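Let's take a walk through this model together, starting at one residue and then stepping back to the whole chain. Have the viewer open and follow along.

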Amino acid sequence: MGDRWRVEVDRKVCIGSGMCVGAAPDGFRLDAARQSHPVEPDADAAESVLAAAEGCPVEAILITVAGTGEAVFPPEE
């Protein structure tokens with residue numbers, strides 16, 4: 001993909017399902033409270049991270065292009 005992404009998890013929305021960790025084990029971790037957080041908030045674009053965001057049951061994962069803030073997921077309407 002070539003881009004750098006800024007990955008954020010809205011911890012007020014996250015329900016700790018762990019689906020993100022299953023989809024992108026190198027991209028996400030669950031803390032002791034079972035809240036998700038990105039391993040690296042600024043990282044190279046990766047299909048697995050996008051799949052994790054798309055598969056989040058409560059859409060708690062936000063991805064933007066680092067530097068520009070352009071939405072990757074959820075896409076701007």
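Does Gln35 count as buried or exposed, going by its relative accessibility? Keep in mind while looking that this is a predicted model. With a relative accessibility of 15%, Gln35 counts as buried, because the cut-off for that label is anything under 20% relative accessible area.

To find Gln35, look in the loop that runs between β2 (28–30) and β3 (36–38). Its side chain has a polar atom 3.3 Å from the backbone oxygen of Cys14. Once sequence neighbours within four places are set aside, the contacts of Gln35 are Arg11, Cys14, Arg29 and Leu30.

Now move along to Ser36, which sits in strand β3. Ser36 has a relative accessible area of 2%, so this residue is buried. Leaving out residues up to four places away in sequence, Ser36 touches Val9, Arg11, Cys14, Cys20, Phe28, Arg29 and Leu30.

Cys56 counts as buried because its relative accessibility is 14%, and the limit is 20%. Follow the chain from Cys56 to Ser17 and you cover 39 residues of sequence, yet their C-alpha atoms are 8.2 Å apart in space.

With those places in mind, zoom out to the whole protein. There are two helices and six strands, and reading along the sequence gives the pattern β-α-β-β-β-α-β-β. The radius of gyration is 11 Å, close to the 11 Å given by the globule rule for 77 residues, so the protein is as compact as a globular protein of that length. Along the principal axes, the C-alpha atoms fill a box of roughly 30 × 25 × 15 Å.

As for burial, 31% of the 77 residues count as buried, Gln35, Ser36 and Cys56 among them.

Key:
Residues are numbered from 1 along each chain as its sequence is written. This is a predicted model: local features need pLDDT of at least 70, side-chain atom pairs count only at pLDDT 80 or more; totals for chains, interfaces and linings use all residues. Side-chain values use heavy atoms; hydrogens and water are left out. Helices (H or I, at least four residues) and strands (E, at least two) are DSSP runs, numbered from the N terminus. The radius of gyration is taken over C-alpha atoms; the globule rule is 2.2 Å times the number of residues to the power 0.38. Buried means under 20% relative accessible area, exposed over 50%, partly exposed in between (1.4 Å probe, protein chains only). A polar contact is a pair of N or O atoms within 3.5 Å; within protein, one must be able to donate a hydrogen and the other to accept it, and residues adjacent in sequence count only if both atoms are side-chain atoms. Contact means heavy atoms within 4.5 Å.
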